[in-house]
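Thanks for coming. I will talk through one model today, going from a single loop residue to the helix packing and then to the end of the chain.

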Amino acid sequence: MQPSFMPCIGAEKAAGLLSRREREILGLIINGYTNSEIAGLLYVSCRTVDTHRQNMLAKLGARNTAVLVRFAVENIQHLGLN
């Protein structure tokens, strides 16, 4: 049996941990935008977008961006991404 790399945190708690900007960036990530595209849309640097992504990984205990995206898609309504 393979170990689960999904965050152990609940969706409601996750929504409370993520800032409005982090949820906004997460929504763009799950819709396929690259860091540079997100940076252009939000008028910030690519490094700022990457920092937000790293912060989301840390807050949710996700191993990588793929896990973060899976978690977000499975909990899209709780995270306010719809």
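**Loop, helices, tail**

Start with tyrosine 43, which sits in the loop between helix H3 (35–42) and helix H4 (46–60). Keep in mind that this is a predicted model. The phi of tyrosine 43 is near 60 degrees, a positive value in a residue that is not glycine. As a reminder, most residues other than glycine have a negative phi. Is tyrosine 43 buried or exposed? Tyrosine 43 has 76% relative accessibility, and because exposed means over 50%, tyrosine 43 counts as exposed.

Now H4 itself. H4 has 15 residues and reaches 21 Å from its first C-alpha to its last, which is close to the 21 Å expected at 1.5 Å a residue. Which residues of H4 are buried? They are Val49, Asp50, His52, Arg53, Met56, Leu57 and Leu60. Looking down the axis of H4, these buried residues fall within an arc of 155 degrees, so they line one face of the helix. On the face of H4 turned away from the buried side are the exposed residues Arg47 and Ala58.

What covers the buried residues of H4? The cover includes helix H1 (11–17), helix H2 (20–30), H3 and helix H5 (65–74). After H4 comes glycine 61, with a positive phi near 70 degrees.

Next, H2. The buried residues in H2 are Glu22, Ile25, Leu26, Gly27, Leu28 and Ile29. H1, H3, H4 and H5 are what the buried residues of H2 pack against. Just after H2 there is another glycine with a positive phi: glycine 32, at about 90 degrees.

Glutamate 22 has a relative accessible area of 3%, and because the cut-off for buried is under 20%, glutamate 22 counts as buried. What does glutamate 22 touch, not counting residues up to four places away in sequence? The contacts are Leu17, His52, Asn55, Met56 and Lys59.

On to the helix pairs. Two packed helices are described by the angle between their axes and the distance between the axes.

For H2 and H4, the axes come within 10 Å and cross at roughly 100 degrees, and the two helices are therefore roughly perpendicular to each other. H2 contributes Arg21, Glu22, Ile25, Leu26 and Ile29 to the contact, and H4 contributes Val49, His52, Arg53, Asn55, Met56 and Lys59. By class, the residues of the contact of H2 with H4 are 5 nonpolar, 2 polar and 4 charged.

For H2 and H5, the packing angle is about 100 degrees and the axes are 10 Å apart. H2 and H5 are therefore also a roughly perpendicular pair. Here Leu26, Ile29 and Ile30 in H2 meet Thr65, Leu68, Val69, Ala72 and Val73 in H5. The contact of H2 with H5 has 7 nonpolar residues, 1 polar and no charged ones.

The remaining pair on my list is H4 and H5, packed at an angle of about 70 degrees with axes 10 Å apart. That makes H4 roughly perpendicular to H5. From H4 come Arg53, Met56, Leu57 and Leu60, and they meet Thr65, Leu68 and Phe71 in H5. The class count for the contact of H4 with H5 is 5 nonpolar, 1 polar and 1 charged.

Last, the segment after H5, where leucine 79 is found. At 2% relative accessibility, leucine 79 counts as buried. Leaving out residues up to four places away in sequence, leucine 79 touches Ala11, Ala14, Ala15, Leu18, Arg23, Leu26, Phe71 and Ala72.

Leucine 81 also lies in the segment after H5. With a relative accessible area of 15%, leucine 81 is buried. How far apart are the C-alpha atoms of leucine 81 and arginine 23? They are separated by 7.1 Å, and the two residues are 58 residues apart along the chain. With the same exclusion of residues up to four places away, leucine 81 touches Arg23, Leu26, Gly27, Ile30, Ala72 and Ile76.

That is where I will stop.

How values were computed
Residues are numbered from 1 along each chain as its sequence is written. This is a predicted model: local features need pLDDT of at least 70, side-chain atom pairs count only at pLDDT 80 or more; totals for chains, interfaces and linings use all residues. Side-chain values use heavy atoms; hydrogens and water are left out. Helices (H or I, at least four residues) and strands (E, at least two) are DSSP runs, numbered from the N terminus. Buried means under 20% relative accessible area, exposed over 50%, partly exposed in between (1.4 Å probe, protein chains only). The expected span of a helix is 1.5 Å times one less than its number of residues. The arc is that of the directions from the helix axis to the C-beta atoms. Contact means heavy atoms within 4.5 Å. Axes are lines fitted to C-alpha atoms, for helices over the stretch in contact, and angles run from 0 to 180 degrees between N-to-C directions. Angles under 35 degrees count as roughly parallel, over 145 as roughly antiparallel, 65 to 115 as roughly perpendicular and the rest as oblique. Ala, Val, Leu, Ile, Met, Phe, Trp, Tyr, Cys and Pro count as nonpolar, Asp, Glu, Lys and Arg as charged, and the others, Gly among them, as polar.
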